[in-house]
Amino acid sequence: MPLAAVFWGDGVGLDSSSEPLALATRTLDQIQVWEPHRPYLDNCVRPRLGIWREGAPVGPENLLLSYQSIRLFPAVPADTEIVMENFAAQGGFRVSAVRTREGDVRNVRIRSLLGGDCRVANPWPGQRMAATTSDGREVARTAAPHAHLIFTTQPGGQYELRLL
């Protein structure tokens, strides 16, 4: 595969430190990819770096990334309402959420199939959030507005993320 030597798979993404993320973005800007392989850039590489290109198709990686942490709507077109229902995330999670035309994220629900730790990037930049069980019991909250939320889940547990 010609792209294997250039792109790093799961090694670099939106949760990476600034240096490798900047290097990946510069590489993407400079690379000249053979025409039959160019859709790979819009379908996989740009979404993993949080880049939306006008006219690109919207695929699963535009809506949900989970190889570093669960990240909602990393690279989606502006002014578009998006409903994501039961998307599979690494670690045995199913994720549902809505992104409004105004860019608000709502109705974030996570179902844990296996139990274990769930790590979610904050979908509300600059605001604090919490995770609650389906019966409303809070299980975790962020300490800072830009922090990831990490909480332990039970097999079959259902959780909702909300603003504080």
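Okay, let's start with a pair of strands: β4, residues 93–99, and β5, residues 105–112, run antiparallel and are joined by six bridges. Strands here are DSSP runs of E, at least two residues long, numbered from the N terminus, and two of them pair if DSSP finds at least two bridges between them.

A quick word on the source. What we have is a predicted model, where local features need pLDDT of at least 70 and side-chain atom pairs count only at pLDDT 80 or more, while totals for chains, interfaces and linings use all residues. Residues are numbered from 1 along each chain as its sequence is written, and side-chain values use heavy atoms, with hydrogens and water left out.

Back to the hairpin. Val 98 has Arg 106 in β5 as its bridge partner. Five residues sit between the two strands, and Gly 103 in this hairpin takes a positive phi near 95 degrees. On to another neighbour of β5: strand β10, residues 158–163, runs antiparallel to β5, with four bridges joining them. Val 108 stands opposite Leu 161 there.

Now for β9, residues 149–153, which holds Thr 153. What does β9 pair with over five bridges? That's β6, residues 116–120, again in the antiparallel sense. Asp 117 stands opposite Thr 152 in β9. As for the two faces of β9, Leu 149, Phe 151 and Thr 153 make up the covered one, and Ile 150 and Thr 152 the uncovered one. In a regular strand the side chains alternate between the two faces of the sheet.

Let's stay with Thr 153. Is Thr 153 buried or exposed? Buried, at a relative accessible area of 3%. (Buried means under 20% relative accessible area, exposed over 50%, and partly exposed in between, using a 1.4 Å probe and protein chains only.) The side chain of Thr 153 makes a polar contact of 2.8 Å with the side chain of Ser 112. Also, a polar atom of the Thr 153 side chain lies 2.7 Å from the backbone oxygen of Gly 116. (A polar contact is a pair of N or O atoms within 3.5 Å; within protein, one must be able to donate a hydrogen and the other to accept it, and residues adjacent in sequence count only if both atoms are side-chain atoms.)

Next, the loop between β2 (71–72) and β3 (82–89), where we find Phe 73. Most residues other than glycine have a negative phi. Phe 73, though, has a positive phi near 50 degrees, and it counts as buried at 9% relative accessibility. Asp 79, in the loop between β2 and β3 too, has a positive phi of about 60 degrees. Asp 79 is exposed, with a relative accessible area of 58%.

A pocket is an open set of points on a 1 Å grid over the protein atoms alone, with protein on both sides within 12 Å along at least five of seven lines, and lining residues have an atom within 4 Å of a point. The largest pocket is lined by 17 residues, with Arg 71, Ala 121, Asn 122, Pro 123 and Pro 125 nearest its centre.

Technical notes
On a 1 Å grid over the protein atoms alone, a cavity is a set of points where a 1.4 Å probe fits but cannot get out, and a pocket is an open set with protein on both sides within 12 Å along at least five of seven lines; lining residues have an atom within 4 Å of a point.
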